[in-house]
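Work through the exercises below with the model in view. Try each task before reading its solution.

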Amino acid sequence: MKNIKFVKNTIKKECEDLGNVEDWFYRDHLLTVEKFAKELLRKLPAADEEILMLSVWLHDIQRVRGIKGDHAAAGAEEASRFLAELGYDKKIITAVKENIESHRCNSDDKMPSTIEGKILASADAMSHFVNDFYLDIATTSGKSTKQFKKWALEKIDRDYNKKIFFDFAKKMVEKQHDIILRFLEL
């Protein structure tokens, strides 16, 4: 568990080095994913905390490091390399890699098969409802209002209905989900 703090601090420093946009990414996204993952872990204690927390801090490493390619696949490969450099054993590396590969829950992606993978996907989706995720995308994506609205409605549906695997977790963000949805449907 000692290395989790090192991994977290490494990702935090890399976000800070990238400037204000990535500082937001660390503060508003990654810390929020961590918060929700810990809350879900308390209710699902069978999950392996070390694998979960490593997955939380490395699930978006592709974006943090600006690596080209598929977000989940490229991120999983980079996380595997990083953990191998830190001396993690193959079992942990494989588990984290699988969690990262499946955290997006797109139709093209494989779905999480472990409790840690389901917690990661859920916490990632939940974070989108409690910070400025949709507002940030709306103002930086370059999409027209109509394009953004279509994208956001599809993303909200996937986040809430496909990525959040636990009914009690959906209840934790239900109010925010409903507000965002009502706003977009105007």
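**Exercise 1. Find the handedness of the crossing of H3 and H6, then describe how the two helices pack.**

Solution. The crossing of H3 and H6 is right-handed; a crossing is right-handed if the near helix is turned clockwise from the far one by less than a right angle, and left-handed if anticlockwise. The model is predicted: local features need pLDDT of at least 70, side-chain atom pairs count only at pLDDT 80 or more, and totals for chains, interfaces and linings use all residues. Residues are numbered from 1 along each chain as its sequence is written, and side-chain values use heavy atoms, without hydrogens and water.

Next, locate the helices. H3 covers residues 49-58. Helices are DSSP runs (H or I, at least four residues), numbered from the N terminus. H3 and H6 pack at about 50°, and their axes are 9 Å apart. Axes are lines fitted to C-alpha atoms over the stretch in contact, and angles run from 0 to 180 degrees between N-to-C directions. That angle makes H3 oblique to H6. Angles under 35 degrees count as roughly parallel, over 145 as roughly antiparallel, 65 to 115 as roughly perpendicular and the rest as oblique.

Now list the contact (heavy atoms within 4.5 Å). H3 supplies Glu50, Ile51, Leu54, Ser55 and Leu58, while H6 supplies Ile92, Ala95, Val96, Asn99 and Ile100. By class, seven are nonpolar, two polar and one charged. Here Ala, Val, Leu, Ile, Met, Phe, Trp, Tyr, Cys and Pro count as nonpolar, Asp, Glu, Lys and Arg as charged, and the others, Gly among them, as polar.

**Exercise 2. Work out at what angle H5 and H6 pack, and which residues meet.**

Solution. Start with the ranges: H5 is residues 71-85 and H6 is residues 90-102. Their angle is about 160°, with axes 8 Å apart. That makes H5 roughly antiparallel to H6. The crossing is right-handed.

Then take the residues. On H5 they are Ala72, Gly75, Ala76, Glu77, Ala79, Ser80, Leu83 and Ala84. On H6 they are Ile93, Val96, Lys97, Ile100 and Glu101. The contact divides into eight nonpolar, two polar and three charged residues.

**Exercise 3. Describe the contact of H7 with H9.**

Solution. H7 and H9 pack at about 145°, with axes 9 Å apart. Their crossing is left-handed. From H7 come Lys118, Ala121, Ser122, Asp124, Ala125, His128 and Phe129; from H9 come Lys155, Ile156, Asp159, Tyr160 and Lys163. The classes are five nonpolar, two polar and five charged.

The buried residues of H9 include Phe148, Ala152 and Arg158. Buried means under 20% relative accessible area, exposed over 50%, partly exposed in between (1.4 Å probe, protein chains only). The buried residues of H9 pack against H7 (115-130), H8 (133-140) and H10 (167-184).
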